[in-house]
Amino acid sequence: MASNEASAPKLFTHAEVSQHNDSKETWLIIHNDVYDVTNFLNEHPGGEEVLLEQAGKDATEQFEDVGHSTDARQMMEPYKIGEIVPEERTKASDDKSKYPSGGSAGHDDARYLCISNCHYF
């Protein structure tokens with residue numbers, strides 16, 4: 001008989017995620033999911049500094065403001081290491097329907113602009 005524990009996601013608090021906030025360990029929260037993007041820093045099309053600015057934090061709004069493609073969203077999956085504990089989840093981050101598939105691309109900073117066919121994470 002298979003155990004349900006094997007399929008249950010690992011749960012993290014915001015405090016735990018906040019400890020992983022540099023280039024040696026870079027964790028982000030996006031839509032209440034926790035991602036370890038340390039090994040993706042050098043590959044990120046927008047540059048590693050974009051990820052490091054959000055390291056250890058909830059980066060949902062910044063992620064959605066960029067207008068990430070469906071391909072970029074699929075690229076995130078291997079980096080997912082868990083979820084935020086239920087009692088600390090934010091409803092806005094949990095409501096993925098609030099954000100259109102490609103985000104709103106409303107960020108003023110030139111580093112976040114996507115001219116065409118960008119695949120940012």
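**Reading the salt bridges**

Me: Which residues meet in a salt bridge at 3.6 Å, N to O?

Reply: The general idea is that side chains of opposite charge can pair when their charged atoms come close. Here, the side chains of Glu-83 and Lys-80 make that contact; a salt bridge means a side-chain nitrogen of Lys or Arg within 4 Å of a carboxyl oxygen of Asp or Glu. Keep in mind that this is a predicted model, where local features need pLDDT of at least 70, side-chain atom pairs count only at pLDDT 80 or more, and totals for chains, interfaces and linings use all residues. Residues are numbered from 1 along each chain as its sequence is written, and side-chain values use heavy atoms, with hydrogens and water left out.

Me: How many salt bridges does that rule give?

Reply: Four.

Me: Is Glu-83 buried or exposed?

Reply: Glu-83 counts as buried because its relative accessibility is 18% (buried is under 20% relative accessible area, exposed over 50%, partly exposed in between, with a 1.4 Å probe and protein chains only). Lys-80, at 30%, is partly exposed.

Me: What else does Glu-83 form a salt bridge with?

Reply: Arg-89, with the closest N and O atoms 2.9 Å apart. Arg-89 is partly exposed, at 28%. Glu-83, Lys-80 and Arg-89 are linked with Asp-33 in a network of salt bridges.

Me: And what does Glu-64 pair with?

Reply: Glu-64 has a salt bridge to Arg-73, closest N and O atoms 2.8 Å apart. Glu-64 is buried, since its relative accessibility is 2%.
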